[in-house]
Amino acid sequence: MEASSPTRDKTARNKNSTKGIKKKARGGWSFGLILLANQGLATLAFFGVGVNLVLFLTRVLGQDNATAANNVSIWTGTVYLCSLIGAFLSDSYWGRYLTCAIFQVIFVAGLTLVSLTSYIFLLKPSGCGDGQKKCQAASPVGSGIFYLAIYLVALGYGGHQPTIATFGADQFDESIPKYQSAKGAFFCYFYFALNVGSLFSNTILVYFEDTGKWTLGFWASTASAVLALVTFLLGSPRYRYLKPCGNPIPRVAQVFVAAVKKRGAALKPGDALYELRGTESAIKGSRKILHTDEFECLDKAAIVTEKDGGARKNPWRLCTVSQVEEAKCIIRMMPIWLCTIIYSVVFTQMASLFVEQGEVMDTAIGNFHLPAASMSVFDICSVLLCTGIYRQILVPLAGRLSGNPKGLTELQRMGIGLIIGMMAMVAAGMTEIARLRGVVPGQRSSSTSVFWQIPQYVLVGASEVFMYVGQLEFFNGQAPDGIKSFGSSLCMASISLGNFVSSLLMNMVTGITTRNNMPGWIPEDLNAGHMDRFYFLIAALTAVDFMIYLGCAKWYKCVSFVESGGGSYEVEVEEEEEEEEGEIVRDKSVVGPSEDRVVNRV
């Protein structure tokens with residue numbers, strides 16, 4: 001049988017590389033910048049509600065500190081859990097663009113309802129909720145509508161986040177030399193834009209809300225969300241679009257079902273695993289993935305048996321190598337992802353306990369009262385500063401030392417993020433010890449300045465640059481083409497579970513430490529508690545998690561696609577009728593990663 005010619009191979013490769021991309025698509029940095037602006041504005045709108053939510057619940061709805069902190073953790077967890085919904089719809093059915101647009105509309109609707117509900121039902125009398133004037137008890141109707149509104153915000157923002165990150169990365173065609181390193185830079189600037197947006201909401205909006213102007217702050221957030229949606233729609237004619245690759249759940253399920261059905265099958269000498277001819281994958285719009293030796297039990301799904309004969313293959317009995325490797329990729333990423341959850345427990349303390357801690361410290365600067373939530377500006381500035389240091393200094397320096405053009409690998413950066421996060425919890429615990437020493441009997445606030453919190457905020461910000469930017473690059477890069485948004489959503493889902501774990505941990509600690517009529521570590525009166533012990537507990541858990549992470553990172557094997565080079569694997573292709581994927585002929589072939597063709601062995 002005659003081998004493919006170079007000209008035909010090149011034509012096939014070019015056709016395959018553009019499959020799934022609609023015509024008239026452009027992309028590039030011009031449209032990447034539009035999406036970065038969209039991210040900044042959407043983040044401003046989100047944090048305009050989220051950063052001070054714990055104070056709104058205590059001052060306006062009358063909840064105690066522990067209940068408010070738990071409710072904020074659950075809500076924040078729901079925000080990022082919704083990222084999985086957005087990622088699924090994006091990868092499977094709607095595509096990135098439509099998913100972004102729909103969830104932004106939901107986001108705007110939720111913010112509008114928050115603004116209306118707070119004005120009509122909750123902020124009575126006018127100007128209440130400033131820490132001095134008490135609000136009337138909220139009606140069940142008002143509270144119910146408010147919770148509906150903030151969970152609409154959670155759904156809209158959560159579904160938008162992983163999709164906009166992946167859609168932004170889609171704007172850079174890596175087959176163009178000048179864009180080969182653009183995705184890594186985009187993810188770095190993506191997190192930079194997120195923090196620029198939150199800088200405004202954590203300073204100006206927080207100040208208005210802290211002084212009782214809650215409705216004004218909520219309406220400003222709504223206006224920012226509307227502007228973000230308009231900005232996003234402006235680039236519609238010239239974005240680079242990739243079509244959805246279909247529902248991944250049946251594809252992955254087919255691998256496990258087929259492997260179980262053929263659990264007794266074995267690959268005979270001279271036989272090969274099943275794969276389609278050429279470089280086109282059975283997963284439409286996706287590249288083929290190179291075979292790996294891990295989880296060999298799943299390879300049974302790609303073993304051709306006598307029952308797999310016939311023109312039409314039963315996908316629940318026979319899967320391609322790429323399909324099996326897609327399932328393996330998901331399994332390999334799970335341990336790394338699970339190790340990031342404890343870090344998210346560290347991160348979530350900024351929106352709850354850090355704020356409550358700051359509220360009972362000296363927040364006066366002369367005659368000016370500094371809102372405790374505004375201290376998060378030091379986290380934001382730390383992120384912005386560390387992002388610049390990382391991109392401009394650390395990457396070139398580490399690149400020269402290691403030979404890696406990225407500087408540090410994603411796994412190395414995530415490990416550094418865990419270490420710095422642990423240091424942040426130790427700093428928070430030390431700050432709490434200093435705060436308790438400054439408590440004056442009979443007074444609610446300590447004489448210790450709120451600026452003692454600066455180190456813990458700065459350390460959390462530095463850890464974010466390494467952990468969350470590293471996560472975005474890692475999970476988006478390691479996820480197969482058919483589940484890119486799912487890969488990006490894993491970063492957000494980590495934050496989600498981190499919030500739920502934080503809430504669970506707090507409930508457990510409260511239940512244990514309040515026995516025998518003890519006030520507990522985090523009582524209503526923080527001066528009678530020991531919040532420092534809770535911080536040190538999280539630091540200890542982070543240290544244990546880091547040791548586990550080292551083992552998982554050492555075990556992890558990166559995914560390799562056909563175009564990336566490095567080895568070859570044998571596949572068996574079957575004779576079928578000409579279908580949408582192209583005609584497939586019977587032959588045993590070797591598909592090399594550095595060559596987009598089938599080299600025949602006969």
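The structure is a predicted model, so local features need pLDDT of at least 70, side-chain atom pairs count only at pLDDT 80 or more, and totals for chains, interfaces and linings use all residues. Residues are numbered from 1 along each chain as its sequence is written, and side-chain values use heavy atoms, with hydrogens and water left out.

The protein has 17 helices and six strands (DSSP runs numbered from the N terminus: helices are H or I with at least four residues, strands are E with at least two). Of its 602 residues, 56% count as buried, where buried means under 20% relative accessible area, exposed over 50%, and partly exposed in between (1.4 Å probe, protein chains only). The accessible surface comes to about 24800 Å², with 63% of that belonging to carbon and sulfur atoms (Shrake-Rupley method, 1.4 Å probe; for residues, only the protein chains shown count as cover).

On the surface, L116, Y119, I120, F121, V141 and W219 make up a nonpolar patch, and together they have about 590 Å² of accessible area. Helix α4 (residues 65-122) gives the patch its largest share, four residues. F121 sits in helix α4 and is partly exposed, at 34% relative accessible area.

Q171 lies in the loop between α5 (140-170) and α6 (182-210). Q171 counts as buried because its relative accessibility is 1%. Leaving out residues up to four places away in sequence, Q171 touches R26, G27, G28, F31, L35, Y239 and R240 (contact means heavy atoms within 4.5 Å).

Definitions and conventions
Patch = residues over 30% accessible without salt bridge, like charges linked within 9 Å, V, L, I, M, F, W, Y side chains within 5 Å. Salt bridge = Lys/Arg side-chain N within 4 Å of Asp/Glu carboxyl O.
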